[in-house]
Amino acid sequence: MPTIEEALAQFGNATIFSVFDLNSAYYQIPLSPDSRRVTAFCTPFGLYEFNKLPMGISVGSRGLSRVLDEVFAYVKGRFVFNLLDDLVVYSSSPEEHVAHVREVLTRLERTGFTLKTDKVVLGASETKYLGHLISGRGVKILPERVAAIHNYPQPTNLKSLRRFIGMVGFYARFIPHYSSIAANLHELKKKGVPYCWGEPHQAAFEALLRALCEAPFLRVPNFDKAFVLATDASDVAVSAVLHQDVNGVLAPIAYHSRVLTAAQRRYSTYKKMCLAVLFACEKCRPFLEHKEFMLHCDNLALCWLLRKTKDVGRFGIWILRLAPFKLKAQHTRGRDNVVADALSRMFGEFGRKCASVLRYVAAIASPGVLFPGGTPS
């Protein structure tokens with residue numbers, strides 16, 4: 001399969017884009033009688049075989065890529081590009097674009113492929129594609145990939161400062177002049193030095209956040225290499241960091257985090273960890289859906305659970321949503337999972353305030369719970 005760099009290099013001077021997503025692309029490819037035999041599976045009701053290419057089969061992504069390469073043949077790389085079932089049509093003028101889109105749709109219709117209508121983007125000056133924002137001005141990293149870092153709060157005490165330094169230090173090899181930038185922050189950690197946040201500390205804090213969010217630090221994903229997804233959950237939030245190995249060191253591709261709802265905060269630790277995995281996989285779906293990847297989590301019970309096939313209530317529903325992903329769960333100690341750990345705990349005080357507000361709203365939504373005389377005006 002092509003790399004993201006190859007995809008982005010194709011667009012050149014294009015200023016107008018259309019994006020298409022094939023509808024269950026694997027299931028639109030019929031299998032020959034000889035191939036059907038090797039997809040057989042046994043059920044209590046008999047032996048069944050797939051008539052169409054099944055998702056999750058080891059050669060499925062190669063088969064899909066080969067078929068689409070034949071569909072688009074010589075026009076691929078001229079005005080259309082695809083990475084598996086994601087297609088982008090690009091042109092330098094509206095007139096050209098109409099002809100290009102018509103050619104692509106004609107080829108899809110002739111071969112019987114259908115599209116997801118809710119994901120069609122036509123004639124856009126900029127659009128999201130493979131985790132990037134593409135436009136006539138060039139290619140930018142999609143803002144949502146770094147929103148969790150952009151929103152990281154200023155450390156307010158020594159504990160939160162140590163957590164931030166631990167997260168940034170995990171990527172120190174990728175940040176030029178890291179030691180000199182972080183020197184002022186390390187000063188606050190010294191014994192006997194009062195915690196007094198000033199302009200030099202704020203400047204260092206902001207410089208490190210910028211370094212974590214910009215290329216070349218934030219890496220372009222390479223689909224020829226395996227992905228590593230790290231997840232974590234705290235009392236108030238879940239988080240995820242998508243990595244790939246670069247010269248023996250994990251380099252980040254995307255960061256994600258969100259605050260838990262009031263109901264989710266009452267989950268057990270095991271449920272929160274499973275929710276973090278589900279959140280992480282669905283957020284990173286464009287990168288993970290078609291190939292095997294390693295999942296790093298710091299809860300042994302979750303690793304055990306993902307190896308089970310029986311339904312265990314809410315967990316069973318979540319595991320079914322995880323079924324399309326080919327993941328290998330690996331236990332990671334908390335001290336080795338510092339980035340996801342820091343992102344899940346960055347909401348600290350904000351999360352507690354949200355919980356208080358949500359409890360209050362829930363109470364006044366049911367008159368008589370907190371105020372027996374009725375809801376106050």
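This is a predicted model: local features need pLDDT of at least 70, side-chain atom pairs count only at pLDDT 80 or more; totals for chains, interfaces and linings use all residues.

Student: Why is the pair of Trp 197 and Phe 205 called edge-to-face?

Tutor: Look at the planes: they stand at 75 degrees, with the ring centres 6.0 Å apart.

Student: What makes Phe 41 and Phe 50 a tilted pair?

Tutor: Their planes are 50 degrees apart, with 5.6 Å centre to centre. Stacked needs under 30 degrees and edge-to-face over 60, so this pair is tilted.

Student: Are Trp 197 and Phe 205 buried or exposed?

Tutor: Buried means under 20% relative accessible area. Trp 197 has 19% and Phe 205 has 4%, so both are buried.

Student: And why is Phe 41 called partly exposed?

Tutor: Its relative accessibility is 36%. That value lies between the 20% and 50% cut-offs, so Phe 41 is partly exposed. Phe 50, at 29%, is partly exposed too.

Student: How do you know that Lys 76 lies over the face of Phe 81?

Tutor: Lys 76 is 5.6 Å from the ring centre, and the distance limit is 6 Å. The direction must also be within 35 degrees of the ring normal. Lys 271 likewise lies over the face of Tyr 267, at 5.7 Å.

Student: Which residues touch the most other members of the largest nonpolar core?

Tutor: Among them are Phe 227, Leu 288 and Phe 293, in a core of 38 residues. Helix H9 gives the largest share, 9 residues.

Conventions
Residues are numbered from 1 along each chain as its sequence is written. Side-chain values use heavy atoms; hydrogens and water are left out. A nonpolar core is a set of buried Ala, Val, Leu, Ile, Met, Phe, Trp, Tyr and Cys residues joined through side-chain atoms within 4.5 Å. Buried means under 20% relative accessible area, exposed over 50%, partly exposed in between (1.4 Å probe, protein chains only). Helices (H or I, at least four residues) and strands (E, at least two) are DSSP runs, numbered from the N terminus. Rings of Phe, Tyr and Trp (its six-membered ring) pair if their centres lie within 6.5 Å; planes under 30 degrees apart count as stacked, over 60 as edge-to-face and the rest as tilted.
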